[in-house]
Amino acid sequence: MENINITGSTKLTGLLGSPVAHSKSPAMHNESFRLLGLDYVYLCFDVDENNMESAVEGLRTLGVAGFNCTMPDKIKMWELCDDLSLAANLIGAVNTVVNVDGKFDIADVVTLQKWLLAVSDIELANWEAADLC
């Protein structure tokens, strides 16, 4: 794996949960960003559910691109999202969140396709939902 080149315009993504130090997510996501040529970085943030609300507000203030959560933070995030899909309402939890113009939205397949199209030249018209999971 190559070194990550962090610049003044690098966008932040990450994992919220506790504990997270053992997570393999940074290696996986950062390598994916590198291969796709995206100026993003993925970090882990050790946040328990009692501090989730303030952490999410901090991420909103910082303008992070998105993040995902471990349990039980997924349940708390369901309460904090600006917009929820029918699926999220049925499940009562949210795994992945994207920042869409300052609003935190769940990252379902449609939202992810819009986000990827906005940040890259990747053509998603022929992708199946399974390709994004």
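Here is a walk through the sheet of this predicted model and the helices around it. Residues count from 1 along each chain as its sequence is written. Since the model is predicted, local features need pLDDT of at least 70 and side-chain atom pairs count only at pLDDT 80 or more, while totals for chains, interfaces and linings use all residues.

Let's start with the sheet. It's an open one of 5 strands, ordered β2-β1-β3-β4-β5, with mixed pairing. Strands (E, at least two residues) and helices (H or I, at least four) are DSSP runs numbered from the N terminus, and two strands pair if DSSP finds at least two bridges between them. β2 (40-46) and β5 (103-106) sit at the edges with a single partner strand each, so one side of each has no neighbour in the sheet. Further in, β1 (residues 11-17) runs parallel to β3 (residues 66-69) over 4 bridges, and T13 stands opposite G66 in β3.

Now for the helices. α1 (residues 25-36) packs on the sheet and touches β1 and β2, its direction making about 165 degrees with that of β2. Such angles run from 0 to 180 degrees between N-to-C directions, with axes fitted to C-alpha atoms, for helices over the stretch in contact; contact means heavy atoms within 4.5 Å. α3 (residues 73-80) lies across β1, β3 and β4 (96-100), at about 135 degrees to β3.

That leaves α2 (residues 52-62), where M52, A55, V56 and L59 are buried (under 20% relative accessible area; exposed is over 50%, partly exposed in between, with a 1.4 Å probe and protein chains only). The buried residues of α2 pack against β1, β3, α3 and β5. On the face turned away from that buried side are the exposed residues S54 and T61. Just after α2, G63 takes a positive phi of about 75 degrees.

Definitions and conventions. Heavy atoms only, no water.
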